[in-house]
Amino acid sequence: MIPEAQTLFAGTFERSMDAKKRVAVPSAWLGKKEGEEFYVVPHPTGEFLIVMPPEELRRWEQKFMESDLPPHEQREAVRLFFAAAHKLSTDGQGRVLLPEDHCEEAGLKGAVVFAGGRSRFEVWDKDRYAAAAAKAKDTYRKAALAIGL
């Protein structure tokens, strides 16, 4: 459950990333102050970037440590997760500077999509997101009907 005070990342927003890899976070997802902090990690598939506030990063560490993986695999997973995590801070225009290597891995250049994911959000290449969303439509429909939505 997400605490009431925590931002709920919902919606889909198209953005343009500049040549320096700066991109504006949707204003609805930002607090009132400059310098809001997030962490970004590439998804293990490399298809997109996961962006989360610090408290969500700590929750994922806990999930690794509570998993059924053997202890050495838990440590390896936590090490690689944190090694890939980069701290982001918003500037006065609500932009973050995405790491070059993460952008290359996820194929991000120019047009990107911010996709809400409840307690975190994702940054996708626009075309890759459209293809993934179209592919997942039947899964969403099936899940929504199964829960009575």
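**Exercise 1. Find the handedness of the crossing of α1 and α2, and how their directions compare.**

Solution. Start with the crossing: in this predicted model, α1 and α2 cross in a right-handed way. Next, locate the two helices: α1 covers residues 54-66 and α2 covers residues 71-84. Their axes lie 9 Å apart, and the packing angle is about 160 degrees. Now compare that angle with the cut-off: angles over 145 degrees count as roughly antiparallel. The two helices are therefore roughly antiparallel to each other.

**Exercise 2. Work out which residues make the contact between α1 and α2, and what kinds they are.**

Solution. Look at α1 to begin with: Leu57, Trp60, Glu61, Phe64 and Met65 take part. From α2 come Gln74, Ala77, Val78, Phe81 and Phe82. Sorting these residues gives eight nonpolar, one polar and one charged.

**Exercise 3. Locate lysine 63 relative to the ring of tryptophan 60.**

Solution. Go back to Trp60, one of the contact residues of α1. Lysine 63 lies over the face of tryptophan 60, 4.4 Å from the ring centre.

**Exercise 4. How many aromatic pairs does the structure hold, and which residues form one aromatic cluster?**

Solution. Count the pairs: there are twelve. Then pick out the cluster, formed by Phe9, Phe13, Trp29, Phe38, Phe114 and Phe121.

Notes. Residues numbered from 1 in each chain as written. Predicted model: local features only at pLDDT ≥ 70, side-chain atom pairs only at ≥ 80, totals over all residues. Heavy atoms only, no water. Axes fitted to C-alpha atoms, helices over the stretch in contact; angles between N-to-C directions. Helix = DSSP H or I, 4+ residues; strand = E, 2+ residues; numbered from the N terminus. Parallel < 35°, antiparallel > 145°, perpendicular 65-115°, else oblique. Left-handed = near helix turned anticlockwise from the far one by under 90°. Contact = heavy atoms within 4.5 Å. Nonpolar A, V, L, I, M, F, W, Y, C, P; charged D, E, K, R; others polar. Phe/Tyr/Trp six-rings, centres within 6.5 Å; stacked < 30°, edge-to-face > 60°. Lys NZ or Arg CZ within 6 Å of the ring centre and 35° of its normal.
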